[in-house]
Amino acid sequence: MWAKIKKATEEGKLGDSAKVATAKPNPNATNQATKVICVYTYDWTDEKDVKRVREELRILGITNKIPYKADEDTLSGKYRVRGDTRISKYYE
């Protein structure tokens, strides 16, 4: 999936950048067997653009629900594994 997202990002179909978690253990992960892929959009408050990016991810084959967490929540240390709830701005 990472290769598809990387290509779509480079082609301008998603946000302006994306990253994938490494194999290194992460204390914030709820499941060490799965890794997070982050796709960044220019503004989390632009719901139309967030939904456009989500639809592109669906076209790439993602069928699971897709949470959208703002950088401000990550920077303030909000993680589900730490007991935080309702972090996602959008979850579809």
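Author: A nonpolar core is a set of buried Ala, Val, Leu, Ile, Met, Phe, Trp, Tyr and Cys residues joined through side-chain atoms within 4.5 Å. The model discussed here is predicted.

Reader: Which residues make up the largest nonpolar core?

Author: In general, nonpolar side chains of soluble globular proteins tend to be buried together. Here the largest such core has nine residues. They are Ile5, Ala8, Leu14, Val39, Val53, Leu57, Leu60, Ile62 and Ile66.

Reader: Which element supplies the largest share of this core?

Author: H1 and H2 each give at least two residues to the nine-residue core. The largest share is three residues. That share comes from H2.

Reader: Which residues of helix H1 are buried, and within what arc do they fall?

Author: Helix H1 covers residues 2-10, and its buried residues are Ile5, Ala8 and Thr9. An α-helix has 3.6 residues a turn, so residues three or four places apart point the same way. The buried residues of H1 line one face of the helix, because down its axis they fall within an arc of 100°.

Reader: Which exposed residues does the face of H1 turned away from its buried side carry?

Author: Buried means under 20% relative accessible area, and exposed means over 50%. On the face of H1 turned away from the buried side, the exposed residues are Ala3 and Glu10.

Reader: What covers the buried residues of H1?

Author: Take Ile5, one of those buried residues. Beyond its neighbours within four places in sequence, Ile5 is in contact with Leu14, Ala18, Ile37, Val39, Leu57, Leu60 and Ile62. For the buried residues of H1, the cover includes strand E1 (17-20), strand E2 (37-40) and helix H2 (47-60).

Reader: What is the phi of Gly12, which follows H1?

Author: Gly12 comes after H1. Its phi is positive, near 80°.

Reader: How far apart in space are Lys13 and Val53, C-alpha to C-alpha?

Author: Lys13 sits in the loop between H1 and E1. Lys13 and Val53 are 40 residues apart in sequence, and their C-alpha atoms are 7.4 Å apart.

Reader: Is Arg54 buried or exposed?

Author: Arg54 is in helix H2. Not counting residues up to four places away in sequence, Arg54 touches Ile66, Pro67, Tyr68, Tyr90, Tyr91 and Glu92. Its relative accessible area is 7%, so Arg54 is buried.

Reader: How does Cys38 count at 26% relative accessibility?

Author: Cys38 lies in strand E2. Setting aside neighbours within four places in sequence, Cys38 is in contact with Ser17, Ala18 and Lys19. Buried needs under 20% and exposed over 50%. At 26%, Cys38 therefore counts as partly exposed.

Reader: Which residues are closest to the centre of the largest pocket?

Author: Rolling a probe the size of a water molecule over the atoms shows where empty space is left. The largest pocket holds about 1,900 Å³ of space. Of its 48 lining residues, the closest to the centre are Val36, Ile37, Cys38, Pro67 and Lys69.

Reader: Which elements give two or more residues to the lining of the largest pocket?

Author: By class, this lining has 26 nonpolar, 11 polar and 11 charged residues. The elements that give two or more residues are E1, E2, H2, strand E3 (67-68) and helix H3 (71-75).

How values were computed
Residues numbered from 1 in each chain as written. Predicted model: local features only at pLDDT ≥ 70, side-chain atom pairs only at ≥ 80, totals over all residues. Heavy atoms only, no water. Buried < 20%, exposed > 50% of the residue type's maximum accessible area, 1.4 Å probe, protein only. Helix = DSSP H or I, 4+ residues; strand = E, 2+ residues; numbered from the N terminus. Arc of directions from axis to C-beta. Contact = heavy atoms within 4.5 Å. 1 Å grid on protein atoms, 1.4 Å probe; cavity = no way out; pocket = protein on both sides within 12 Å on 5 of 7 lines; lining within 4 Å. Points joined across faces, edges and corners; volume = space filled by probe spheres on them. Nonpolar A, V, L, I, M, F, W, Y, C, P; charged D, E, K, R; others polar.
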